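Here are my notes for a colleague coming to this structure for the first time. Please keep the sequence and the 3D view open while reading.

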Amino acid sequence: MLPQTLLIDADDTLWENNIYFERAIASFISFLNHHQFSPEQVRAVLNDVERECVVKHGYGLHSFAHALVDTFERLSVEHPVEFLPEIPETLQYLAARHRLILMTKGAIAEQTGKIERSGVKEFFAAIEIVAEKDVAAYSSIIEKYELARDSTWMIGNSPRSDINPALAAGLHAVFVPHGDTWILEHDEVQQATPPQQLLIVGSFAELREHF
């Protein structure tokens, strides 16, 4: 295979992320110990509230919440990055053969910190942290790095953010399912329109068999 450009997701593709939110939600539900709603019903309400908050407020917080978060960050120890199986070895393998660009979304300071702590920055030609991963974001990256659509792939675990908008932008995609993908990232995986390609692999390490 000729050298390709691989856009690679970070959270829940390279390292665990959503499981920590799931643990926090489980603790919240247990603490609430609601007498009228079951844990499943409480979680359903929480999912609805999260959807509403994303629409109304994006991924930021009000000033009071910011104050609480800032205090927490200053007093707490940063959680170490917990890689999924064979991530560093696979990145090293891919970086020797292709151009890797890390494309992740979220708060810049938080994502930058995780990238620095992970030690994988050396494998990437560029790092892109975006507010949202939609067709416009992918089109912007394509233009910025002068990427050829027929040799550029988006690799990630999220149908909503990694796979579907990348395909819509004319890129190839590799879907790496994760059992704990955030519910707001769930979506039906769209089919690729030839000559586009969509690969589905069981693990990130399997990329070595394709690239």
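This is a predicted model: local features need pLDDT of at least 70, side-chain atom pairs count only at pLDDT 80 or more; totals for chains, interfaces and linings use all residues.

1. The side chains of Glu 185 and Lys 105 meet in a salt bridge, at 2.8 Å from N to O. Glu 185 sits in the loop between strand E5 (172-175) and E6, and Lys 105 sits in strand E2, so the pair ties together parts that are 80 residues apart in sequence.

2. Glu 185 has another partner. Its side chain also meets that of Arg 160 in a salt bridge, at 3.7 Å from N to O. This pair again links distant parts of the chain: Arg 160 is in helix H7 and Glu 185 in the loop between E5 and E6, 25 residues apart. Arg 160 is partly exposed, because its relative accessible area is 32%, within the range between 20% and 50%. Glu 185 counts as buried because its value is 7%, under the 20% limit. Through shared partners, salt bridges join Lys 105, Glu 132, Arg 160 and Glu 185 into one network.

3. Look next at Ser 161. This residue is found in helix H7 (residues 159-168). Ser 161 has a relative accessible area of 2%, so it is buried. What does Ser 161 touch, leaving out residues up to four places away in sequence? The list is Lys 105, Glu 132, Lys 133, Tyr 138 and Glu 185. Three of these names, Lys 105, Glu 132 and Glu 185, also belong to the salt-bridge network.

4. How many salt bridges does the structure hold? The count is ten. One of them joins the side chains of Glu 116 and Lys 121, at 3.1 Å from N to O. Glu 116 has 47% relative accessibility and so counts as partly exposed. Lys 121, at 44%, is likewise partly exposed.

5. Now the overall layout. The protein chain has seven helices and six strands. Their order from the N terminus is β-α-α-α-α-β-α-β-α-β-α-β-β. Of its 211 residues, 41% count as buried. The accessible surface comes to about 12,000 Å², and carbon and sulfur atoms account for 57% of that. Take contacts between residues at least 6 apart in sequence: 74% of them join residues at least 24 apart.

6. On to the nonpolar interior. In soluble globular proteins, nonpolar side chains tend to be buried together. Here the largest nonpolar core has 24 residues. Ile 8, Leu 14, Leu 91, Phe 124, Val 174 and Phe 204 have the most contacts inside it. Strand E1 (5-8), helix H4 (87-95), strand E2 (99-105) and E4 each supply at least two residues of this core. H4 gives the most, with three. Apart from this core lies another, of 14 residues, among them Ala 126, Ile 141, Ile 142 and Met 154.

7. Leu 14 deserves a click. Setting aside neighbours within four places in sequence, Leu 14 is in contact with Ile 8, Asp 9, Phe 83, Leu 84, Ile 87, Leu 91, Leu 102, Phe 124 and Phe 204.

8. At 9% relative accessibility, Ser 118 counts as buried. Residues up to four places away aside, Ser 118 touches Trp 15, Val 81 and Phe 83. The C-alpha atoms of Ser 118 and Trp 15 are separated by 8.7 Å, although these residues are 103 apart along the chain.

9. Finish with the rings. A search of the whole structure finds one aromatic pair. Why is the pair of Trp 153 and Phe 211 edge-to-face? The ring centres are 5.1 Å apart and the planes stand at 85°, and planes over 60 degrees apart count as edge-to-face. Trp 153 is in strand E4 (residues 152-156) and Phe 211 in the segment after strand E6 (198-200), 58 residues apart. Both are buried. Separately, Arg 97 lies over the face of Tyr 93, at 3.7 Å from the ring centre.

Definitions and conventions:
Residues are numbered from 1 along each chain as its sequence is written. Side-chain values use heavy atoms; hydrogens and water are left out. Rings of Phe, Tyr and Trp (its six-membered ring) pair if their centres lie within 6.5 Å; planes under 30 degrees apart count as stacked, over 60 as edge-to-face and the rest as tilted. Helices (H or I, at least four residues) and strands (E, at least two) are DSSP runs, numbered from the N terminus. Buried means under 20% relative accessible area, exposed over 50%, partly exposed in between (1.4 Å probe, protein chains only). A charge sits over a ring if NZ of Lys or CZ of Arg is within 6 Å of the ring centre and within 35 degrees of the ring normal. Contact means heavy atoms within 4.5 Å. Accessible areas come from the Shrake-Rupley method with a 1.4 Å probe; for residues, only the protein chains shown count as cover. A nonpolar core is a set of buried Ala, Val, Leu, Ile, Met, Phe, Trp, Tyr and Cys residues joined through side-chain atoms within 4.5 Å. A salt bridge is a side-chain nitrogen of Lys or Arg within 4 Å of a carboxyl oxygen of Asp or Glu.
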